[in-house]
Amino acid sequence: MGEKIRLTTAQALLKFLNQQYISVDGVETPFVEGVFHVYGHGNVLGLGEALENNPGNLKSYQGKNEQGMAHAANAFARQNLRQKIFAVSASAGPGSANLVTAAATAFANNIPVLFLPADTFATRQPDPVLQQLEHEHSTDLTTNEAFKAVSRYWDRIDRPEQLMSALLRAFEVLTNPATTGPATICLPQDVEAMAYDYPASFFHKRVHYIDRKLPTQRELDGAIASINQSKRPVLLVGGGAKYSEAKDEIVALSEKANIPIVETHAGKSTVEFTHKNNLGGNGILGTSAANKAVMNADLIIGIGTRYTDFTTSSRTLFDFDNTKFLNINVNRGQAYKFDGFQVVADAKAALQSINQHIDDYQSSYGDEITSLKQEWENERNRLAATVFNRNDFKPEIADHFNQEVLNDYADALKTELTQTEALLKINDTVDSDAIVISSAGSLPGDMQRIWNANVANTFHLEYGYSSMGYEIAGSLGAKLAKPEQESYAVVGDGSFIMLHSEIVTALQYDKKINLLLFDNSGFGCINNLQMDHGNDSTGTEFRNVNNEIMNIDYSKIGEGYGLKTYSVNNLEDLTAAVEDAKKQTVSTLIEIKVLPKTMTDGYDGSWWNVGVAEVSDKESVQQASAERQQILDNARQY
Ligand SMILES: Cc1ncc(C[n+]2csc(CCOP(=O)(O)OP(=O)(O)O)c2C)c(N)n1
Ligand SMILES: O=C1C[C@@H](O)[C@H](O)[C@@H](O)C1=O
Ligand SMILES: [Mg+2]
């Protein structure tokens, strides 16, 4: 029956990971970069032993918080356009539970990560082991059942030989652009260390071919007819377009036929903003230009987009009565959305074919795209010059805090900086190929609107799950993916407090990351949301029991870790800090004290469906609820 190799399950796992390659457009590369781990009794003697003694080419990084290290793995795969991954190993019980949020984040964003949570004993001999849950109705349930809801593939290895079929299935999922996401293989700690005579053939080199699925002739004919029949098409660029590396084809179509480009959160920086037809981010967090373009479009060419509520403004942004949809997506389910014409194909390949057949077609935009872009540039310049004053300041988010409260913040945080002027100054100061990572709070909105990404694949916004805590860990993952580029976490004070453990990992392994910490002393965007809908400000500002605004010294925290830190409260110091941080070899933290309510507000078409109380004594809430109902009456329902 051929050669056998006697290994533990964990040793076999690592040997297999070393032999996985992907081939994209004829270029073959190793698929698994390494393993992040936090050891405990569930994995240190199994997977830990294997990593110590025979890692092969796999790199190994000690994480500090399981969620954090898995976010780093997630960001690494995303920055590598899903062409390289990490595995993450955690101990049983709490260690594994800590991974669940990160698995969900990878799931929502369609990012491949191999999750290896340790599990309780398959033999059950010592049950209940430390950290085991004891259910009265079943001994079969462990913490790791929680991964079923957040994995594209889930398995548990109760016998060493099961590893083989599980890994083959997992790697098919991880390398399939239509279904990729987290694959979870639960490893009971006894099985990790059990020996088995594995067939040598299992460890032969495997190449997973990411062949580009071509459109059929019917799909191609339909797509071309849709474009030819339209007058005002818009190219809506989603994450799938970025992962397919379809930039040249999008630009070619846009230029040839004079079609505006707008981008989802995941799609942003597929095409540089410097391109004349790129109108920027669209949707709830969209630019005025992008939203106007899609509101007046008669054809949306959705390329690799899931049409989430933020992209569609909760199904209110498009003129659904008159606008048609042409959906190009490798995932058939996504292509079905909005009853669009479906092209189930790779974005780059589909656009290549379409471009060959778009002959003399011209949209009817004429100079309108240029005017829209100019109008937006003017607005962006205005946001760069929003200057606070203590007498009659009207922040972007107006009518929430009166002047007295705003002055209190200026005094407490000792600042007069606005968030938009600070962010735009940073955009002007960092290297153009710097990678910026963000995910939660008010900053993703500002990033999606006003950050100009002038080099492709430098804008990294996790907005599928918007998980607070992704930012800093994500900046480490992005740095591991692109060591030659600067990596910046754009992070709010709330997210920083929630999870910043991987700072230590970045310092430990000498991977330079830069943290741009915007401190407005509170959960600013949620405060906006509650006040926008008629509620008072409660539970969202960082105030102490005496109702005083808290002023936390984040630069001191960073200093304690060993970061090079700066604390700034004006544009001059901010510019100097960003310039100085670029010269550092150690990781840096720039604490930027900003006034609340000075983030960007929405533009036309920026509506978000949130559940507003239908019963309330407050007239303001009743009004918000009525307004919501009115908008919903005209929204597309499915
Ligand atoms: C893990 C997680 N918990 C809760 C939320 C809900 N949430 C979204 S933004 C936010 C506050 C963010 O505060 P901060 O980071 O300071 O950003 P700001 O809005 O002030 O800019 C909260 C609690 C979330 N997105 N992720
Ligand atoms: O609830 C939320 C509101 C959004 O504005 C924010 O960006 C996001 O992180 C979130 O969870
Ligand atoms: Mg905040």
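Predicted model: local features only at pLDDT ≥ 70, side-chain atom pairs only at ≥ 80, totals over all residues.
Let's start at N110, which sits in the loop between α5 (100-109) and β7. Although N110 is not a glycine, its phi is positive, at about 60°.

Between D127 and P128 the peptide bond is cis, with omega near -10°. You will find P128 in the loop between β7 (113-119) and β8 (153-156). Y307, too, has a positive phi, of about 50°, without being a glycine. Look for Y307 in the loop between β15 (299-303) and α12 (309-312). Is Y307 buried or exposed? Its relative accessible area is 4%, so Y307 is buried.

Now let's turn to charged side chains. Side chains of opposite charge can pair when their charged atoms come close. In this model the count of such salt bridges is 26, and a few of them are worth a visit.

Begin with helix α6, which covers residues 162-174. With 13 residues, α6 reaches 18 Å from its first C-alpha to its last, close to the 18 Å expected at 1.5 Å a residue. An α-helix has 3.6 residues a turn, so residues three or four places apart point the same way. R169 is partly exposed at 39% relative accessibility, and E172 is partly exposed as well, at 35%. The helix also has buried residues, among them L163, L167, F171 and L174.

Other salt bridges reach across the chain. R232 pairs with E368, and their closest N and O atoms are 2.9 Å apart. The two partners come from distant parts of the chain, 136 residues apart: R232 is in the loop between α8 (217-229) and β12 (233-237), while E368 belongs to helix α15 (residues 368-383). E368 is partly exposed, at 29% relative accessible area.

Next, find K512 and E486, whose closest N and O atoms are 3.0 Å apart in a salt bridge. K512 is in the loop between α21 (502-508) and β21 (514-519), and E486 is in the loop between α19 (470-481) and β20 (487-492), so this pair ties together parts 26 residues apart in sequence.

Conventions. Residues numbered from 1 in each chain as written. Chains lettered and ligands numbered in written order. Heavy atoms only, no water. Salt bridge = Lys/Arg side-chain N within 4 Å of Asp/Glu carboxyl O. Helix = DSSP H or I, 4+ residues; strand = E, 2+ residues; numbered from the N terminus. Buried < 20%, exposed > 50% of the residue type's maximum accessible area, 1.4 Å probe, protein only. Expected span 1.5 Å × (residues − 1).
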